[in-house]
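Trainee: Can you walk me through this model, starting with the packing and then the sheet?

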Amino acid sequence: MPTTLRAFILSLAIGASPAFAGLDPQLVSQLAHEDSDEKIAAIDRLAEAADAPAALNVLSALNGDALLSAKEHVFFLQDGKAIDAATGAEITPAPEASESISINNRVRRALGAALASLKLFAPERATRLAAANELQASADADTLPLLAKALEKEQDEEIRQLLLLAQAQANLASGDPGSRLAAVKTLAQSGNPNTRTQLAALLEKKDGKHVEGDVSVRRAAAASLKAVESRLARAENIGRVFSGISLGSILLLAALGLAITYGVMGVINMAHGELLMIGAYATFAVQAAFRSYFPTALDWYVVAAIPVAFASAALVGMAMERTVIRFLYGRPLETLLATWGLSLMLIQAARMVFGAQNVEVANPSWMSGGVALMSNVVLPWNRIVIIGFAVSVLLLVWALLNMTRLGLFVRAVTQNRGMAGCVGVPTGRVDTLAFGLGAGIAGLGGCALSQIANVGPDMGQGYIVDSFMVVVLGGVGQLAGAVWAALGLGVAGKFLEGWAGAVIAKIVVLVFIIIFIQKRPQGLFAIKGRFVEP
């Protein structure tokens, strides 16, 4: 490995940590021994060193091939200087000939375990927190001394609680019934699925005998298991609700524009899903442009893609209304067939321009990762952002429809087209603008959808039926109805999927909507007024 690369890896390993110091020079020298057993013995001893941060730095350097040996010296390079790995002192003159200390897979496994343990003593809180979480799945009797040492030094309460749970998990194998009882009671506070498995194992029987011989420990294990299962179930339900709200946000963006166009013109637009696809491909195009011309600002391509996605879908929507749909008003069957034909044309156009395969739209770094509520529930940042984005779009659409002249015209045409035309409302222009607005909102939905789903020519086909279900269930032309219907269908769908699978969930939802519409044809929210066109 080149010297500069080794130095770079070492700089990443040591970061802002204290200098290497306080280590046994003989142990550090033993890392350069040719025998793997000698190296592993040295690694194990360094994992127990009093100066844990220094040992972590040395072993991190070894893991990154940045630890060098030359005759009697084991050192690393920092700012062009040779620094002794044991003492932290500069070696002068610097060794002229050196080689990187090599390790095989067996040594690397031992090194990985030692690094995981030593990270409990890292200066950075995030590193210690990650290490404590990792121990939830691997704590055993061998880690008890290390956990006790970490608990003595740890001041952060959250990390201390994780360490206590790991310590209790390790004590499950103790020969002392009192230690096992205390461990079982402590694990009642755990939210790790592995804990559920371990507690359930204590209640099993083998060859007609209980695995756990002590009756009091078994009783405590049963109570703790019930508490852990309740906590995990609660976390899973929170995860389902979040996933349902996330799905509902996408359905809302997809259906919001459809609710406007269907409410204003009564047009069953079968090409509405392809407007989502246009917004998603517009996002892909903006990402490609940022990669080529603004690579340093790539993380913000999504922000620039929002107006582009809206404008692209809106222009296509207005062109559809002007060239085809305008001549088919009042003829629902012909409109349905014509817009279905337009959807096929748009799909084929996407295949010709972008290819038949899905394209990659990557999340920006600030939308990557997630918020871990528990070990089995993580709320992804991209979905959190999408929920916030959907709320923002909803507020803007509400303001547009209720606080602008265009919104007044749209509401007038929705309630009574003939009367609106008689009092001077330009219904033709309102139709075009309303269709463009609905199409643009669908484009925004495609922009959001590109962050969580594959972008391809057929991506919109899976959302057109759900969008119509939202519109019909919520009430034609009603924003409030669309919101409640989208969120309700999203959350209900996720819970039903967990109970009966995705296909059965779709069928159950569809049957419910059919029955609901039979009892309440106007949907959740009916349009209020003296006269409503049929």
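**Reading cores and strands**

Mentor: Start with Val393, which touches Leu253, Leu256, Ile441 and Leu444, leaving out residues up to four places away in sequence; contact means heavy atoms within 4.5 Å. Keep in mind that this is a predicted model: local features need pLDDT of at least 70, side-chain atom pairs count only at pLDDT 80 or more, and totals for chains, interfaces and linings use all residues. Residues are numbered from 1 along each chain as its sequence is written, and side-chain values use heavy atoms, without hydrogens and water.

Trainee: Which residues touch the most other members of the largest nonpolar core?

Mentor: In soluble globular proteins, nonpolar side chains tend to be buried together. Here the largest core has 78 residues, and Leu256, Met320, Val393, Val397 and Val470 touch the most other members. A core is a set of buried Ala, Val, Leu, Ile, Met, Phe, Trp, Tyr and Cys residues joined through side-chain atoms within 4.5 Å, with buried meaning under 20% relative accessible area (1.4 Å probe, protein chains only). Helix H18 (residues 427–449) gives the most, 11 residues. Apart from that core lies another of 33 residues, including Val74 and Leu118.

Trainee: What is the strand order in the open sheet?

Mentor: Strands of a sheet pair through backbone hydrogen bonds, either parallel or antiparallel. This one runs E3-E2-E1-E4, with antiparallel pairing; helices (H or I, at least four residues) and strands (E, at least two) are DSSP runs numbered from the N terminus. Pairing takes at least two DSSP bridges. E3 and E4 (99–100) are the edge strands.

Trainee: How many bridges join E2 to E3?

Mentor: There are 4, between E2 (residues 73–78) and E3 (residues 81–84). Leu77 partners Ala82, and Gln78 partners Lys81. In the hairpin, with 2 residues between the strands, Asp79 takes a positive phi near 55°.

Technical notes: Buried means under 20% relative accessible area, exposed over 50%, partly exposed in between (1.4 Å probe, protein chains only).
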